[in-house]
Amino acid sequence: MNLLDSNDQECAPTDLIWIDSHCHFDFPQWHSQRDEHWQLAQTLGVQSLIIPGITIEQNQQVAQFCADTPWQFALGLHPYFLAQHGDNDLDALERLLSRTVESQQSPAIAVGEIGLDWVLAKQADDPDAARAQQWQLFEAQVVLAERYQLPLILHIRGCHDQAASWLRRRRFSFGGIVHAFSGSEQQAKAWLDLGFKLGIGGAMTFPRANKLRNTISSLPLSAWVLETDAPDMRPAFFRQGVSSPVAIPLYGAILATLKQVSLMEVSVQNQNNLLSLFPGLKT
Ligand SMILES: [Zn+2]
């Protein structure tokens, strides 16, 4: 299929603007290849990316890491690193949030990556205790998002129904992104009703991901935001190496094919979807 429809014939791919809504571009794996990947991504039209917070040490460095770049960041404590989070980390996170929110130059645009991972909890020695600990950390950070009026970047695995209904009951109203969405169409709709967008990327490229591709086709373009989760979630078409923000335009092309719309429409809608969540986003 020709991905550029007749309206786009004069529009070279580099005229399109792309944003990676979830990229761990500060991970040490990038050390020797970050510049190379970012240069190539920019050549392909990627203008910005959002780096989520994961541990308190990384949260303390991410604002500085993004300084003088078009990259933006969220602050949060990821459920994957539960064992590393100390008793004082939530207080430290709140101090960082208040400092960056007051800063005119580089405010955190969201609280994240936070969430609940029941797949991970199941592997713990005491799954009930692991779930309880995750809830405690998650709830405390949702309270911070409410206090600072920020959207969320969520990592949810195996508990979409519980997480969405809990946020609905507390009338959480700042929306956000459910990153790496792979739930059902019904679960997708529950998140959309709550004012969230759904992050899609590498998972939709695999031959067996028919259910996800069907969900993507059946919901409007306003539901989706593109993400790589780089260096994780390598797409099917990269046989080696890591996932990278250079893949974002290719994800845009897949989304255009699934939705039967032009690449330009996907590019513009991706920006608009992100701007509706993060009005201060650099594009
Ligand atoms: Zn992530």
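1. Strand 4 (residues 111-117) is largely enclosed by the rest of the structure, because seven of its seven residues are buried. Buried means that 20 or more other C-beta atoms, placed from the backbone, lie within 10 Å of a residue's own. Strands are DSSP runs of E with at least two residues, and helices are runs of H or I with at least four, both numbered from the N terminus.

2. This is a predicted model, in which local features need pLDDT of at least 70, side-chain atom pairs count only at pLDDT 80 or more, and totals for chains, interfaces and linings use all residues. Residues are numbered from 1 along each chain as its sequence is written.

3. As to confidence, pLDDT (the predictor's confidence in each residue, from 0 to 100) averages 92 over the chain, and 95% of the residues score at least 70. Over residues 1-11, pLDDT stays under 50.

4. An open sheet of five strands carries the order 4-5-6-7-8 with parallel pairing, where two strands pair if DSSP finds at least two bridges between them. Strand 4 and strand 8 (224-226) each have a single partner strand and stand at the edges, so one side of each lacks a neighbour in the sheet.

5. Six bridges link strand 4 in the parallel sense to strand 5 (residues 152-157); I114 has L154 of strand 5 as its bridge partner. Strand 5 also runs parallel to strand 6 (residues 176-179), joined by four bridges, and I153 has I177 of strand 6 as its bridge partner.

How values were computed:
A residue is buried if 20 or more other C-beta atoms lie within 10 Å of its own, exposed if 12 or fewer, and partly exposed in between; C-beta atoms are placed from the backbone. Two residues are in contact if their C-beta atoms, placed from the backbone, lie within 7 Å.
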